[in-house]
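Reader: I am new to protein models. Could you take me through this one by question and answer?

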Amino acid sequence: MHLDFWNNPIIVSAFRVKYRGGGVFNITVIYLLVLIAGGALLARYADPVAWGPWPRNYLLAVLGVQFITSALIAGNATTTSIRTEVVNRTLDFQRIAALSPRQILLGKLLGEPALAYLLAIATIPLTVYCWTLGVAGVSLDVLILMYVNLASTTFLLGTVGLLQRLELGSGRNAGSIGAAYGSALILALFFLPPAFGAARSLLALPWSTAAVGLFIPLPAFYGIFIGKPWAYNLSFFGLQIPMLIVTPVAQFGLAFLFFHTMVRRLINPLNTSLQKGLGYGTLLAVDIVTAGVFLEATPLGLAITLRVLAFCLVHLLASLVLINSVTPWRESLESWVWRFRGRTAWLWDAWLGERSENFLVLVTFCVLGITSLGLLVLVPAGFQEGFREVRRSAGSITSVVLAMVTLLLALGSLHQWFLFLAGRPGKVVLLTFAAIIILPLHLFGEYYEQEWLLALSPSAHFAHWFGGRPLPHLEYMLAVYAGLFLWSWLSVRRRIGRLIRVVDEKLQKMGVPDPAA
Amino acid sequence: MIEVRHLRKEYDKTVALENLRLEIPEGEVYGLIGPNGAGKTTLIRILATLLEPTYGHVRIAGIDVLRDPLRVHPLLGYMSDFFSLYENMLVWEYLDHFARCYGVPRGQRERLIEEVLQLVSLQVRRDAEIRSLSRGMRQRLCFAKTLVHQPKVLLLDEPASGLDPAGRLEFRELLKQLHAMGRTILISSHILTEMADFCTSIGIMEEGRLLATGRVTDILQQLQPALRLEIEVAVGQPRLMEILSTHDSVKRIEAVNGRVLCRWGAGRDALPDLHRRLVQEGIGVISFALRTDNLEDIYMKVSGHRTS
């Protein structure tokens with residue numbers, strides 16, 4: 001990948017156009033003046049006894065405003081830019097130029113949100129001023145790390161904005177995207193202060209700190225607020241890693257996935273979001289982080305069964321998200337039948353091949369889950385609390401694992417079936433279908449206290465497991481979902497078989513001697 | 001230069017391209033003719049690597065377009081019938097942007113930009129904002145962008161649509177210049193008379209199939225084994241009709257507005273004998289001419305008399 005930013009034509013053109021007439025420069029100066037005026041008002045009217053020291057409050061205010069502003073500008077700028085280019089078909093010209101998809105997207109990511117970066121730079125004198133006045137716990141490295149966090153958050157939102165469909169007529173237009181981001185900004189300004197107020201309870205447990213801090217830099221902010229920026233850590237197999245460092249790493253990791261997804265779309269809109277290999281790697285990373293976080297939770301009362309339960313639930317949810325990213329929809333699968341099948345050995349193709357059906361992915365996800373559970377959760381738990389304790393929980397662990405595997409296979413296979421039948425809109429159909437077969441059973445079962453209804457609902461089982469009151473008749477749910485899995489998998493197989501026959505006939509008529517050649 | 005085999009494109013249940021086979025040698029100007037929905041744009045978009053075919057093999061300059069699109073990109077200049085420009089850029093900035101996108105070295109960029117601006121007669125608007133350009137100028141600017149990296153192959157999808165007659169004339173001259181420079185050009189257009197003027201080969205498409213392809217003269221010969229003869233006489237038309245109807249090589253005689261039209265099957269060499277005989281018979285011949293089919297006639301014949 002070329003990282004020669006200043007010769008990237010998209011960055012060069014974006015800066016040329018945006019700097020013309022000093023537009024961006026003017027906005028930056030006005031922004032700086034508004035921030036200074038805000039600081040003066042804070043100094044004049046905020047009671048230091050009730051509100052705390054001015055340098056801390058002003059530092060948090062400047063950084064807070066900057067996080068929201070930069071992130072929203074970045075997201076809005078990249079989304080609007082890509083969408084406008086798709087609608088106007090100017091993106092076609094970029095796609096067939098000698099630029100690689102990575103260069104195009106890097107250009108969009110760094111050039112379009114130029115204002116976001118400039119505004120962030122403009123705040124540096126103000127934050128440095130606060131730091132020189134002295135803010136409890138904030139050293140120069142903390143300040144630098146806050147800017148790294150700012151960069152990663154901006155980058156993450158920018159990559160989220162890049163995620164656009166390339167087909168004409170799909171997705172929203174640039175105007176509605178701008179309006180959506182504007183609304184998000186207003187909502188953020190309304191709801192962030194209460195969220196900040198709830199930060200203390202949100203960051204009380206290691207797993208909840210991880211759940212929040214891996215995505216947004218709330219622990220870092222709240223740390224500065226209480227005068228201990230290094231107070232919040234990610235507990236990772238007993239190792240304490242400061243959230244000030246973890247948050248940007250996690251955000252850059254997520255940003256990479258979004259960026260990579262869009263690179264693949266630019267290469268070919270029929271590509272699935274992620275390659276299967278990257279899907280396995282990502283799931284493994286999620287498993288390792290999950291296991292690491294929940295291991296430390298034990299002294300706070302998370303028993304082995306609960307740890308297994310939490311791990312399996314995270315694994316299941318992460319698998320479902322990743323299945324969505326690696327499962328080919330109708331057009332992709334058809335192109336596999338026409339052009340891709342037969343290029344490599346069947347097993348290799350099903351496991352790692354581009355656009356092939358997702359069955360072996362589901363199996364791999366199950367194997368990964370069980371292996372990670374054994375190696376990363378149960379073995380450390382055995383060393384920590386004794387293997388006898390682990391064996392004592394074997395019954396509950398087996399139930400949870402069985403539920404995870406069955407649900408993963410069934411929902412993953414249904415996913416493939418719906419996407420094969422309905423194309424991309426199949427995702428919405430699947431979500432509706434899943435909500436219909438899961439939630440009403442849970443709600444009516446709870447309301448009418450009908451155990452057999454609850455026994456059919458996966459969410460009811462997980463809720464009762466977490467509550468320490470396992471539901472009887474897990475086998476009802478297992479039977480239903482195993483049936484759904486078999487039915488959907490066989491249907492997919494039958495349909496693919498039929499498609500292969502039709503395509504082979506067409507190829508024969510076309511006079512193609514060997515389709516795989 | 002362009003080689004297409006077994007090309008097929010399906011959109012749901014619609015077949016846009018059906019088992020297409022096409023070869024365009026280097027330096028040809030190949031015109032794609034066909035009604036809307038014939039598959040011309042689909043073919044050009046596949047060649048431009050913007051669309052994946054359902055099946056098929058496509059090679060440009062020996063490079064597999066489907067497997068190695070990034071290597072093909074520098075060779076291609078693509079212009080579509082519908083296009084937009086970056087409204088807030090200046091004319092030279094727009095060309096500079098694409099020159100950079102194609103990796104044109106810094107030292108050559110300025111010279112190339114001046115050259116293409118001159119080629120499309122936009123030098124005087126070099127520093128104008130694109131939003132201030134007229135439609136014709138925009139079209140010329142887009143064409144200049146297509147040429148700025150000196151591509152070997154030009155894929156032009158209805159490039160002259162929307163241009164006024166003068167603009168079309170200029171455009172035609174431009175294409176002739178590019179042809180003279182040895183570029184391979186694939187162009188689709190509805191304006192068949194214009195295509196005849198600069199295309200060395202044509203392909204007639206309908207419903208995703210290539211009905212006929214080859215050099216214009218070859219196709220003419222294929223479709224028109226008999227020559228069309230048109231004779232205008234001042235006196236002696238009944239005698240002329242009599243002579244023609246008894247001649248072994250003459251078929252389908254008809255008299256239209258004082259002229260006699262017929263099919264002549266004996267080849268060009270035998271025509272002087274016929275002319276001599278008519279004069280000897282005392283028929284006052286005003287004109288004695290061969291008429292060849294034009295591109296519109298060919299298209300109408302091949303496509304079964306459907307209108308474009």
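Author: First, a definition: axes are lines fitted to C-alpha atoms, for helices over the stretch in contact, and angles run from 0 to 180 degrees between N-to-C directions. The model is a predicted one.

Reader: At about what angle does H5(B) run to S6(B)?

Author: H5(B) lies across two strands of chain B, S6 and S7. The angle is taken between N-to-C directions. For H5(B) against S6(B), the value is about 165°.

Reader: In which sense do S6(B) and S7(B) pair, and what is the bridge partner of B:Leu76 in S7(B)?

Author: Strand S7 of chain B covers residues 153-157, and its pairing with S6(B) is parallel, over four bridges. In S7(B), B:Leu76 has as its bridge partner B:Val153.

Reader: Which strands stand at the edges of the sheet in chain B?

Author: The sheet is open and has six strands with mixed pairing, in the order S6-S7-S8-S3-S9-S10. A strand at the edge has a single partner strand, so one of its sides is left without a neighbour in the sheet. The twist from one strand to the next averages 15°. The edge strands are S6 (76-79) and S10 (209-215) of chain B.

Reader: Is B:Asn19 buried or exposed?

Author: B:Asn19 sits in strand S2 (residues 14-24) of chain B. Its phi is positive, about 50°, although it is not a glycine. A residue counts as buried if 20 or more other C-beta atoms lie within 10 Å of its own. B:Asn19 has 20 such atoms within 10 Å, so it is buried.

Methods:
Residues numbered from 1 in each chain as written. Chains lettered and ligands numbered in written order. Predicted model: local features only at pLDDT ≥ 70, side-chain atom pairs only at ≥ 80, totals over all residues. Buried ≥ 20, exposed ≤ 12 C-beta atoms within 10 Å, placed from the backbone. Pairing = 2+ DSSP bridges. Contact = placed C-beta atoms within 7 Å.
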